[in-house]
Amino acid sequence: MSNLFEDVGHMRHALSLGARGLGRTWPNPSVGCVIVKSGRVSDRVIGRGWTQDGGRPHAETMALAQAGSAARGATAYVTLEPCSHTGKTPPCAQGLIDAGLARVVVALGDPDPRVNGRGLDMLRAAGIAVDFGVLQAEAQAAQIGFLTRITEGRPMVTLKLATSWDGRIATSTGESQWITGPQARRRVHAMRANHDAVMVGAGTARADDPSLTVRDLGVDRQPVRVVMSRALDLPLTGHLARTAGEVPVWLLHGPRADIDLKRTWQDLGARLFEVPLIAGQLDPKAALMTLGDAGLTRVFCEGGGAMAASLLQADLADQVALFTAGLGIGADGTPSLGGFGLTRLAQAKRYHVTHSEILGPDALTHWRRS
């Protein structure tokens, strides 16, 4: 007889394991798996795993290897439906069957057409008890990147804004470093680390010469650095150009980008993607669909204001991470968002607060599209 309280506890454990792979497993989802053996006094965890870098091995494979023969008759808690197809690895559903699991608890179904219920059907057909939907909403939030890529063809976008409390990102002279304090900036690096890519516009790349890497957190895998630049008119002596051969740089450019610049960036190690224009600018939806085709599932957008506005106008920002500093800059400062051309409030996209954090003197508010 299953115990819902225990099921929730073990699934929370599995979700925490799956979170370890965020930003490291694309194009695959980051899944967590916990295998539990019932005892006379209490349950005992005999195996646990999460999807490894690059998407393999899968979480179930890692947990089963740890559990060994003790997996027979045990219960597995998996945050996403076990795969049912043979790709570069055998199907995880079959691995659970072969290991002799008695019961499998699954948080969320996999909408990938190669799976989409077939993994659950395989388990049931083999006589394994299957319980579905434990912490489904939490699993859906954790898998938003993978789900968005499968269902919409593009990665999930987190739009990051760091502003004064009157919504400015720089003074009238362009000074912007630093509006927020060190704790907020460290949190930004942690957020970069759990996304597949960090994206900025050409204006930000030219003005700030950013490195867009994760620093001071001891990570061994950097996100892809993406720049949207219609004409590829980016500094060839900046951080991105100097390190393009060490940390991936992907450049989204327009159809008329200079061919010599394209060759130069490719020689530096960058990967280039042509994107169509809309109203004279790179089409943001086409750009994201291109990134989805390339395998990205989670993109952390750090602006600037024109890019942020274009994503919001096109309803492509799934989440907003708003860092607010305790200072005012005034109306002559640079606004955090470019113009929308709105004439009625009903035209504005609505978001709702999911949670907030205090980071030293600053605040971080998480918003999700309504």
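Visitor: What volume does the largest cavity have?

Guide: Rolling a probe the size of a water molecule over the atoms shows where empty space is left. Here the largest cavity has a volume of about 80 Å³, and the whole structure holds two cavities of 30 Å³ or more. A cavity is a set of points, on a 1 Å grid over the protein atoms alone, where a 1.4 Å probe fits but cannot get out. Volume is the space filled by probe spheres set on the points, which are joined across faces, edges and corners.

This is a predicted model, in which local features need pLDDT of at least 70 and side-chain atom pairs count only at pLDDT 80 or more, while totals for chains, interfaces and linings use all residues. Residues are numbered from 1 along each chain as its sequence is written, and side-chain values use heavy atoms, without hydrogens and water.

Visitor: Which residues lie nearest the centre of the largest cavity?

Guide: L22, N28, S30, T297 and R298, out of 16 lining residues (those with an atom within 4 Å of a point). Helix α6 (residues 144–152) gives the largest share of that lining, three residues. Helices (H or I, at least four residues) and strands (E, at least two) are DSSP runs numbered from the N terminus.

Visitor: How much space lies in the largest pocket?

Guide: About 920 Å³. A pocket is an open set of points with protein on both sides within 12 Å along at least five of seven lines. Of its 32 lining residues, K160, S176, W178, D208 and E302 are closest to the centre. The elements giving two or more residues to this lining are β6 (156–164), β7 (168–170), α7 (182–193) and α8 (202–208).

Visitor: Which residues of α1 are buried?

Guide: An α-helix has 3.6 residues a turn, so residues three or four places apart point the same way. In α1 (residues 4–18), the buried ones are D7, H10, M11, A14, L15, L17 and G18; buried means under 20% relative accessible area (1.4 Å probe, protein chains only). They cover an arc of only 155° around the axis, which puts them on the same side of α1; the arc is that of the directions from the helix axis to the C-beta atoms. Their cover includes β1 (32–37), β2 (44–50), β3 (75–78), β4 (103–106) and α5 (136–142).

Visitor: How many residues of α11 are buried?

Guide: Seven of the 10 residues in α11 (residues 284–293) are buried, among them P284, L288 and L291. After α11 comes G295, with a positive phi near 110°.

Key. Expected span 1.5 Å × (residues − 1). Buried < 20%, exposed > 50% of the residue type's maximum accessible area, 1.4 Å probe, protein only. Contact = heavy atoms within 4.5 Å.
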